[in-house]
Amino acid sequence: MGREIIDGLARDHHVYALGRRAAELEGLDNVTPVPGDLRAGLDEGIELPELDRVDVLVHAAAVAEKFSVDSASVEDWRAHMDLNVHAPAELTRVLLPKLRAAGGIVVFINSGAGRTSYGDNVVYAASKHALYALADGLRLAEQDIRVSTVAPGPTDTPMLQGLQDYNPAHVIAPAEVARAIRFVVDTGATTQLTDVQVRPRIELNQRVK
């Protein structure tokens, strides 16, 4: 999904792609890879290149593992909250002056789990609930920027592969999520799309078996 998002934005933006696998993006037009581990950066400081302005900030990194309240350890909770909530909060804080100056937009990639909790996936769901609170609070506090949440349902990604069996033809293609993000980014300066739900054409629990 991250690669599709980058491709969609690099058409007319210069993209700085921060992540552990940034080296895979070497040689792409309008893309500067920025290697780094967001979770490690919370303690050591997130190192970013010098930027004149920031028009768009997309938070797409996430971890999802199945845990119930009974099976999750404190470390499991911390790992999910660090990457899914604390890292985007800190990265946004660091870049806020540039975002304000540019009248930029922050896009948080959430999930269908952000509005519904699951007994066997409560840690991930809780982190995504918290991410909604982060986005909504940021929107209220920062009137010089726009803040949007894009929440895909089940999407054909390695993350979903680690959570359940599925037919790729029945879930969302990553390119469709990237198109939704591009639509949000292209919204005019006088409006903001606060919460965009991207769902499969037919919900998985409604498919005839």
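# Reading the labels on this structure

Student: Why is serine 127 called buried?

Tutor: The relative accessibility of serine 127 is 0%. Buried means under 20%, so serine 127 falls in that class. The model is predicted, and the value is computed from it.

Student: Where does serine 127 lie, and what does it touch?

Tutor: Serine 127 lies in helix H4. Leaving out residues up to four places away in sequence, serine 127 touches His80, Met81, Asn84 and Val85. Contact here means heavy atoms within 4.5 Å.

Student: How do you know that tyrosine 132 is buried?

Tutor: Tyrosine 132 has a relative accessible area of 2%. That is under 20%, therefore tyrosine 132 is buried. Tyrosine 132 lies in helix H4, and its contacts beyond four places in sequence include Asn110, Arg115, Thr149 and Asp195. The C-alpha atoms of tyrosine 132 and threonine 149 are separated by 7.5 Å, with the two residues 17 apart along the chain.

Student: Asparagine 110 is in that list of contacts. What makes asparagine 110 buried?

Tutor: Its relative accessible area is 4%, and the limit for buried is under 20%, so asparagine 110 counts as buried. Asparagine 110 is found in the loop between S4 and H4. Among the residues that asparagine 110 touches are Lys128, Tyr132, Thr149 and Pro152.

Student: Why is the pair of arginine 115 and aspartate 195 called a salt bridge?

Tutor: A salt bridge needs a side-chain nitrogen of Lys or Arg within 4 Å of a carboxyl oxygen of Asp or Glu. For arginine 115 and aspartate 195 the distance from N to O is 3.5 Å, so the pair meets the definition.

Student: Which parts of the chain does this pair link?

Tutor: Arginine 115 is in the loop between strand S4 (105–109) and helix H4 (122–141), and aspartate 195 is in strand S6 (residues 195–198), 80 residues apart.

Student: Why are arginine 115 and aspartate 195 called partly exposed?

Tutor: Partly exposed lies between the limits of under 20% for buried and over 50% for exposed. Arginine 115 is at 48% and aspartate 195 at 33%, so each takes that label.

Student: What makes arginine 182 and aspartate 186 a salt bridge?

Tutor: The closest N and O atoms of arginine 182 and aspartate 186 are 3.1 Å apart, and the cut-off is within 4 Å. Arginine 182 counts as buried because its relative accessibility is 10%. Aspartate 186 is at 46% and so counts as partly exposed.

Student: Why is glutamate 47 called exposed?

Tutor: Exposed means over 50%, and glutamate 47 has a relative accessible area of 70%, so the label holds. Glutamate 47 lies in the loop between helix H2 (38–44) and strand S3 (56–59).

Student: Which residues form the patch of negative charge on the surface?

Tutor: Asp37, Asp43, Glu44 and Glu47 gather there.

Student: Is glutamate 65 buried, partly exposed or exposed?

Tutor: Glutamate 65 is at 41% relative accessibility and therefore counts as partly exposed. The place of glutamate 65 is in the loop between S3 and helix H3 (74–102). Glutamate 65 touches His80, Asn121 and Leu163, not counting residues up to four places away in sequence. The C-alpha atoms of glutamate 65 and leucine 163 are separated by 6.8 Å, although the residues are 98 apart along the chain.

Student: What is the phi of asparagine 30, and why is this residue called partly exposed?

Tutor: The phi of asparagine 30 is positive, about 60°, although this residue is not a glycine. Most residues other than glycine have a negative phi. Asparagine 30 has a relative accessible area of 37%, so it is partly exposed. Asparagine 30 is found in the loop between strand S1 (15–19) and strand S2 (31–35).

Terms used:
Residues numbered from 1 in each chain as written. Heavy atoms only, no water. Patch = residues over 30% accessible without salt bridge, like charges linked within 9 Å, V, L, I, M, F, W, Y side chains within 5 Å. Areas by Shrake-Rupley, 256 points an atom, 1.4 Å probe, with all protein chains shown as cover. Lys, Arg positive; Asp, Glu negative; His and termini not counted. Charge placed at Lys NZ, Arg CZ, Asp CG, Glu CD. Helix = DSSP H or I, 4+ residues; strand = E, 2+ residues; numbered from the N terminus. Buried < 20%, exposed > 50% of the residue type's maximum accessible area, 1.4 Å probe, protein only.
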